[in-house]
Amino acid sequence: MDVDSSKMNWQKIKVFLVFFCFVFFLSCEEKVGELPITIIYKNGKAVQASIKTSKDAKAWQVFLKGAPLVPVLGKFSLNGGHTVFTPVLPFTNGASYQIKNGEQLMGAFTVISKKNEKRPKVIAIYPSNDSLPQNLLKMYFVFSEPIQEVGNIFDLITITNDTKNENANAFLELPNQLWNKEHTQLTLWLDPGRIKTDLIPNKTKGLPLEEGNKYTVTIGENLKSSKGMALGQSYAKPFYVNPSDRTKPSLSKWSVVTPKENTRDTLKIIFNEPLDAILGKETITIKNANGEALSGRNELSKNEEEFHFSPDAIWVEGTYEIEVLSILEDLAGNNLNHLFDRNITSSEGVTNERSMSSKHIKFTIGQKVGNY
């Protein structure tokens, strides 16, 4: 082999080696969005995300999937050949996250529970009756576990008009969902603007519900607890629509069933109509002759048509008082002082006791008495 041939062959070898190294380098590069991620658990909670990478993660951020504007609070650190993200609070079980460098997706992961978390259940849907007034004002949904707040609750809770086989779109969409402090009770309002007869939504769209029609409210199986556990099954509440209720609740129509003295028997108040399930428990107080509230347990029963009070101590002989806050409502939002749907320029539907914040019923153990 002559010198010129040897030089030519060596040049070919160098070109091949450069090409080989280039291809090898490309094959070793980490693919964006495909970085291997391992979730680290402690006591059943996801406390870290370990990313197999040697990249500089100083500018990286972690976001809850679907919420790209607010990064998850935490910090990145190096651990050998891995970059570890430790959130301030553990990741949420069942939630999906994305790791980004600016707009560039670096990786994604979903947190799976490592222990037997309780599935949430629907404890109650109020009103519990299966026949409701056309001017129904609101519904309550009570769960066994705290529930995650989602972007649009109406993706998971729907109402359909079964008579017409169509979506009803009866609920009022608010910017913020109306949860209680524990996040176990959700309030959904039917559109008040369509219920009040003098307002434009009522004139253009009519009442949210149609009299004589059958409806179904459905809670989807994918509604999740704060720990990421889904309901796992859907819940449905069917109901029929009766004529509108345009009468205020009245204590004169109530009956009181008094217990026997020296017992812990239940005091019963029979409303003779269903009342608001939550306000019914919060607005009624039983007091002794000295005006002191009695301790005990109260609940609404018989489709919210009865109030039951079970005292912690025995009943003793004497006079008692039932105090009822005037904000107590029926299913149409009519309270003890005025109708919900009324002409505010007239006195129609307003009692002479409009300024009263509470009303009272007195009773003596063992007998029924009139209202005061």
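Author: The conversation below goes from the whole chain to particular strands and cores. This is a predicted model, in which local features need pLDDT of at least 70 and side-chain atom pairs count only at pLDDT 80 or more, while totals for chains, interfaces and linings use all residues. Residues are numbered from 1 along each chain as its sequence is written, and side-chain values use heavy atoms, with hydrogens and water left out.

Reader: How many helices and strands does the protein have?

Author: The protein has four helices and 23 strands.

Reader: What share of the residues is buried?

Author: Of the 372 residues, 41% are buried. Buried means under 20% relative accessible area, exposed over 50%, and partly exposed in between, with a 1.4 Å probe and protein chains only.

Reader: Let us turn to strand 4. How many of its residues are buried?

Author: The count is zero among the six residues of strand 4 (residues 74-79). Strand 4 pairs with strand 5 in the antiparallel sense over six bridges; pairing requires at least two DSSP bridges between two strands. One of the facing pairs is S77 with V84 in strand 5.

Reader: Now the open sheet of five strands: what is its order?

Author: The order is 9-16-15-11-12, with mixed pairing. Strand 9 (131-133) and strand 12 (166-167) are at the edges with a single partner strand each, so one side of each has no neighbour in the sheet. Within this sheet, strand 11 (residues 157-161) and strand 15 (residues 214-219) run antiparallel, joined by five bridges. I157 stands opposite I219 in strand 15.

Reader: Which residues have the most contacts inside the largest nonpolar core?

Author: They are F141, I159, L209 and I219, in a core of 34 residues. A nonpolar core is a set of buried Ala, Val, Leu, Ile, Met, Phe, Trp, Tyr and Cys residues joined through side-chain atoms within 4.5 Å. Another core, of 22 residues, lies apart from it and includes W254 and F309.

How values were computed
Helices (H or I, at least four residues) and strands (E, at least two) are DSSP runs, numbered from the N terminus.
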